[in-house]
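Thanks for coming, everyone. Let me put the structure up, and then we can walk through it together.

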Amino acid sequence: MEVLTILIPVSLFMGGIGLVAFLWSMKNRQYDDPKGDANRILSPDWDDRPKP
Amino acid sequence: MSLAADPEGPIPLSACPACIAAPAAEDLARRAQPKAARLTLSIPEAHCAACISTVEKGLEKLEGVKSARVNLTLKRVFVEADPGIAAADLIAPLKTLGYEAHELDPGLLSSTENDRKGRELIMRIGISGFAMMNVNLLSVAVWVGATDATRDMFHTIAGLIAIPTVIFCAQPFFKSAWDGLKAGRVVMDFPIALAMVLGCAISIFETLNSGPHAYFDGIVMLTFFLLIGRWLDHRTRAMARSAAQELAALEVPRAIRLREGVEETVGIADLAKGDLVLVRPGGRMPVDGEIVAGTSELDRSLLTGEVLPVFAAPGQVVSAGEVNLTGPLTVRVEAAGRDSSLSRMAELVAVAETAKTRYTGLADAAARLYAPVVHTLAFGAFMAWLWISGGDLRLAVNIAAGTLIITCPCALGLAVPAVLTAASGRLFKLGLLIKSGTALERMAAVDTVLFDKTGTLTMGRPEPVNFTDHSAEVLSVVAGLTGASSHPLALSLRARSEADGIAPLQISDLREVPGFGIEGLLDGLRVRLGRAAWVGAEERAETATYLMLPDGSTHAFTFTDALRPGAEELISTLQSRGLTVKLISGDTPAAVASLAGRLGISDWAAEARPEDKAAEVERLRDAGRHVLMVGDGLNDTAALAAAHASISPSTALDAARVASDIVLLSKDLTPVAEALRLSKVATRRMQENFVISGAYNVIAVPVALLGYASPLWAAVAMSLSSITVALNALRTR
C-alpha cells in the first residue's frame with residue numbers, strides 16, 4: 001500500500017494540471033466565440049501567428 | 001501657483017510666458033481628444049470562415065481603422081478606430097462587400113456583466129468537476145471495502161479536497177439560501193445549503209473519529225450537478241437577454257437639434273425642454289412636443305393602432321414614437337426622455353406587472369412542497385433514532401444528514417433548467433426568443449388569445465384594393481406621380497404599378513407638398529394625388545388617396561393593411577385547437593371589422609384605448625381565463641404586461657418588447673402556434689421530471705430513514721436521477 005503515497009499525489013497533480021489549463025483557457029477568453037474559432041482554423045490568414 | 005507662492009525661489013524664469021503655457025495647453029489638448037472609437041456592428045449574414053476574413057480585411061483596409069474582430073457566435077464585429085470614425089463610415093464599405101451591417105449602441109449591450117457571471121459559473125463547474133472526479137476515485141476504494149487506516153486516510157484526503165471546493169463552488173447556493181431566509185421564504189436552495197453544511201460537518205466528525213461513512217463524494221457531486229443546472233439556466237437567460245439587448249441597441253436614440261440654425265446630432269438624453277428638434281421624413285419623433293414649422297403627415301399606428309396617417313401642421317402636439325412621413329418638421333421639445341409619453345406608458349406597465357409577479361413558477365412550487373417535507377423527515381429521523389438508540393447523537397445526526405443528501409435536490413434543481421434549455425433552443429430556431437423563465441409554463445395554461453391588429457396581424461403596410469377598377473390612363477398618371485414620394489401610400493401604389501407593368505406617364509414639375517400630396521404638370525395641366533380636401537374629392541371612410549385629373553374628375557384609391565404572413569394559418573390553427581381568439585384594436589370599426597371578417601374572427605373590438613385593452617385582459621382574467629396577448633404597439637404595452645403570457649414581434653416598439661415574455665424574431669406568425677404546442681410539451685416534461693425525482697425519493701427515503709443509507713447509495717441515487725431528468729428533458733420536441 002506504500003505505493004499510494006506516490007500515486008495519490010501524482011494523480012492529484014495531473015488532475016490539477018488539467019484544472020489549471022482549463023482555468024487559464026477560460027481567463028484567456030477562449031470560449032467567447034466557439035463558432036468563430038472553429039471557422040478561423042480554415043482560413044490561411046493567420047497561420048503563422050494568432051491574430052492579436 | 002508656485003510663481004506667486006515663492007517669488008524668491010530659484011525659478012527658471014522664462015522670458016516667454018508661452019513656454020509655460022504651452023505644455024499646459026498640450027495637456028489640455030490631449031485630454032480633450034476623445035479616446036479611440038470602439039464600435040460594435042451587427043452583421044446578421046456572416047456565417048463562414050470566408051465571411052470572417054472578408055469582413056476583417058475589408059474593415060482593416062479602411063483609413064483610420066486600427067483593428068476589427070468578428071465574433072461569429074454573436075454575429076458581431078468589434079472595431080477599434082480613430083476617434084473621427086463613425087459607424088456609417090463602416091456600414092457603407094461593408095455593404096459593398098455584401099454584408100448588411102447595423103450599428104449597435106454599446107451602452108445598451110451590457111453583456112460584460114452577463115459574461116462575468118457565466119464565466120464564474122463555468123469556473124465553479126470546472127473546479128467542482130475536478131474535485132468530484134478525485135473524491136469519487138478515493139471513494140471507490142472505500143466502497144469496495146477499504147478499512148481502518150486506509151479508509152481514514154482516503155476520507156481525510158477526500159475531505160481536504162471537498163471542503164475548500166464546497167466553500168468556493170457552492171457560494172451561489174449559500175447566497176441565495178441566505179437571501180431567501182432574509183426575505184422570510186424557504187427557497188429551493190435552502191435544503192441544498194443545509195444538506196451541504198450538515199453533510200460536511202458530520203463527514204468531518206466521522207473522519208476525525210475513524211467512522212465508516214463520510215459524504216464528501218455526495219456533497220461534491222451535488223455541487224457539480226446543481227452548478228450545471230444553474231449554468232443552463234443562466235445560459236438560456238443570457239442568450240435571450242443578449243438578443244433582446246441587441247434589438248434595443250439597434251435603435252440608437254438620437255435627435256437632430258437645431259441651435260441658431262445649425263443642425264447637430266445629439267443623444268435624446270441631452271435634449272432639454274424648449275430645444276428645437278428637426279425630424280426628417282421617415283424619422284420617428286424622439287420627443288413629445290409641438291410643431292413650430294413645416295407640414296407633413298404622421299403615422300401614429302404604433303401609438304394608437306390607426307393605419308390612416310394624420311395631417312400635421314404648426315401648432316399641433318406630437319408624441320414620441322410617431323413617424324413623420326412626408327415633410328421635414330421642426331418640433332419644440334415639451335418633454336424628453338423620462339417625462340415623455342413613451343415613458344409615462346411605462347408606469348401603466350409597472351402597475352400591470354405587479355399582477356404578474358403573483359405567479360409562482362413550477363420550480364418554486366416544488367421547492368415549497370419539497371423543503372418542509374424533507375426537513376420534517378430528516379428532523380423526524382434524527383429524533384426517532386435518538387430515542388431508539390437511547391441517546392446516540394452521532395448515529396442520529398448521521399442518519400439525518402444521510403436523509404438530507406439522499407433526497408437528491410440535484411434532480412429537482414435540474415428539472416426545470418434542463419427542459420427550458422431544450423425548449424428555448426428549439427424555439428430560438430423557429431425565431432422565438434424566450435425572455436422569462438416561467439413564460440413556457442404560463443403559455444401552457446393559455447386558453448384565450450388576444451390579438452392586436454396593426455403591426456401584429458397586419459404588417460402596418462397599406463396595399464391597394466381597388467387598383468384594377470381604374471382605367472389604364474388613370475393608372476399611368478398615378479404611376480408617374482408616385483415616383484417622387486416616399487409616403488407609404490405612394491410607395492404601395494408604385495410597387496403595385498411596377499408589378500402590373502404599367503408604364504408611367506412623363507409628368508413635369510413634379511413636387512411633393514408635405515402634408516397634402518404630390519402634384520405635377522401633365523401636358524401643361526395640373527394633376528394631383530393626395531388628401532381628399534386638397535384635390536377636391538369626397539372623403540371616403542376607408543384609407544384612401546385621391547387623384548385629380550386635368551379635367552377636374554377625381555379617382556379614389558382605397559387601401560387595406562397587408563396581412564402578416566402566416567396570420568390566417570395561425571388563427572385557423574388556434575381556432576381548430578379550441579382556443580378563443582379575440583381581436584382588439586385602436587383602429588376604426590370599419591377597418592377592424594373587415595380584417596376580422598377576412599380572418600374569421602367573430603369577436604372583435606375597435607377604437608380601444610390602451611387602458612381599454614388592459615381592462616379587457618383583466619376582465620377575461622377575472623372570468624377565469626388565461627390570456628395570451630400578442631401585440632406590438634405602445635397602446636398594447638399595458639395589456640401585454642397584464643396578460644398571463646405575452647408575445648410581441650421584433651418590429652414592436654422597445655417598450656412593448658420589454659413588457660412581453662416572448663419576442664417573435666421572424667416575420668411569419670405561424671411559430672406562435674408551435675410555441676403554444678411546445679410550451680405544453682415542455683411543461684409536461686417539467687412535471688414528469690418532478691415525478692421522476694419524487695419517485696427516486698420514494699425509494700431512497702425509507703432506506704435512509706432506516707439507517708441503511710451509505711455514501712454509495714447517495715452517489716448512485718444522485719447521478720441516476722440527474723441523468724434520467726436530463727434525458728427526459730431532451731425529449732422536449
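Let's start with Thr40(B): its bridge partner in β4(B) is Leu104(B). On β3(B), Thr40(B) stands opposite Phe78(B). And Phe78(B) in turn has Arg69(B) opposite it.

Before I go on, some housekeeping. This is a predicted model, where local features need pLDDT of at least 70 and side-chain atom pairs count only at pLDDT 80 or more, while totals for chains, interfaces and linings use all residues. Residues are numbered from 1 along each chain as its sequence is written, and chains are lettered from A and ligands numbered from 1 in the order in which they are written.

When I say helix or strand, I mean DSSP runs numbered from the N terminus: H or I with at least four residues for helices, E with at least two for strands. Two strands pair if DSSP finds at least two bridges between them.

So what order do the four strands of the open sheet take? In chain B, the order is β2-β3-β1-β4, with antiparallel pairing. The edge strands, β2 (65-71) and β4 (102-104) of chain B, each pair on one side only. From one strand to the next, the twist averages 30°; axes here are lines fitted to C-alpha atoms, for helices over the stretch in contact, and angles run from 0 to 180 degrees between N-to-C directions.

Helix α3 (residues 49-61) of chain B touches β2 and β3 of chain B, and its direction makes about 165° with that of β2(B). Contact means that the C-beta atoms of two residues, placed from the backbone, lie within 7 Å. Helix α4 (residues 87-97) of chain B touches β1 (37-42), β3 and β4 of chain B, at about 40° to the direction of β1(B).

Last, the other chain. How many residues of chain A are in contact with chain B? There are 18, and they meet 18 residues of chain B. Both α1 (3-27) and α2 (34-40) of chain A supply at least two residues of that side, and the largest share, seven residues, comes from α1(A).
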